[in-house]
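Open the model in your viewer and keep the selection tool ready. This tour goes from one stop to the next.

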Amino acid sequence: GQVLIINVKSENLEKVDFGVINEQPFVKNDTLFVFDVKDEYNIAILLPFQLDSTSNYSKYLSTLSAHFYMGARMALDSLDSQGLNAKVYFFDTNKDSTSVVNILKDDIFSSMDLVIGPFNPNNIELVSKYCKENNIRMVLPILSDQSLLKDNEFVYASVASNNTLMKQLALYMLNNYGDDNIILIKPNDVNSLPLYEDFRKTFLSSDSLEENHYNLIETKI
């Protein structure tokens with residue numbers, strides 16, 4: 001039945017004038033690989049054929065380019081039968097950045113809707129910057145530095161990083177062999193440790209994991 005009285009500290013309240021607050025424009029984060037509907041699309045494929053190369057010639061890259069070209073032609077034939085109407089331009093990047101710079105200067109290149117390639121990491125950076133500035137979609141057909149995707153919504157990686165693959169492997173093992181004893185061997189080399197940790201953390205922290213924590217047996221080489 002006691003009454004407790006607490007004196008409230010008196011404050012001088014004044015209205016603060018914030019001025020005019022400009023609304024920030026809403027920027028849509030385009031995460032879907034969707035194109036505007038057009039009667040015809042322009043597609044550029046950049047490959048190191050090295051047809052005119054006299055120095056630093058790589059038989060491996062040239063052969064790889066030929067195989068990629070044949071695979072692309074097969075895919076394009078299938079897409080053509082499904083109604084795709086596109087002009088496809090194959091560019092020879094040789095094995096140097098100068099060739100890529102000259103390709104980007106070509107007037108026809110600015111009209112592209114999609115760019116696939118190139119293979120060389122240095123050339124990829126040049127082309128990705130160009131595509132970002134000109135709003136052109138770009139697909140990386142090889143394993144590339146994931147930093148190229150940062151702040152560039154026009155670039156798409158078709159090959160997942162090793163870390164992503166390891167995480168997905170952990171989920172696959174958990175979902176398909178969660179009742180079995182899984183032996184995880186910790187590697188000695190520094191480069192493999194991040195992959196080991198990605199597998200381990202994904203496996204042990206998965207939302208679908210219940211009592212399977214104890215089915216992961218860890219050991220060292």
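Start with the second largest pocket of this predicted model. Its lining divides into six nonpolar residues, one polar and four charged. Select Val34, Phe35, Asp36, Lys38, Tyr41, Met112, Asp113, Asn135, Ile136, Arg137 and Phe154 to show that lining. The space inside comes to about 160 Å³.

Next, go to the largest pocket, with a volume of about 290 Å³. Its lining has 14 residues. Pick out Ile43, Leu76, Leu79, Leu114 and Ile116, the closest to the pocket's centre. Now colour the lining by type: 12 residues are nonpolar, one is polar and one is charged.

Which elements supply at least two residues each to this lining? Select β1 (41–47), α1 and β3 (114–116). Helix α1 gives the most, with six residues.

Stay on α1, which spans residues 59–81, and select Ser62. Is Ser62 buried or exposed? Ser62 counts as buried, because its relative accessibility is 14%, under the 20% cut-off. Show Pro48, Phe49, Gln50 and Tyr57 too: Ser62 touches each of them.

Last stop: select helix α4 (residues 162–177) and helix α5 (residues 193–205). They pack at an angle of about 35 degrees, with their axes 8 Å apart. The crossing is right-handed. On the α4 side, the contact includes Met166, Leu169, Ala170 and Met173. On the α5 side, look for Leu195, Phe199 and Phe203, among others. The residues of this contact divide into 10 nonpolar, three polar and two charged.

Definitions and conventions:
Residues numbered from 1 in each chain as written. Predicted model: local features only at pLDDT ≥ 70, side-chain atom pairs only at ≥ 80, totals over all residues. Heavy atoms only, no water. Helix = DSSP H or I, 4+ residues; strand = E, 2+ residues; numbered from the N terminus. Buried < 20%, exposed > 50% of the residue type's maximum accessible area, 1.4 Å probe, protein only. Contact = heavy atoms within 4.5 Å. Axes fitted to C-alpha atoms, helices over the stretch in contact; angles between N-to-C directions. Left-handed = near helix turned anticlockwise from the far one by under 90°. Nonpolar A, V, L, I, M, F, W, Y, C, P; charged D, E, K, R; others polar. 1 Å grid on protein atoms, 1.4 Å probe; cavity = no way out; pocket = protein on both sides within 12 Å on 5 of 7 lines; lining within 4 Å. Points joined across faces, edges and corners; volume = space filled by probe spheres on them. Lists of a residue's contacts leave out its neighbours within four places in sequence.
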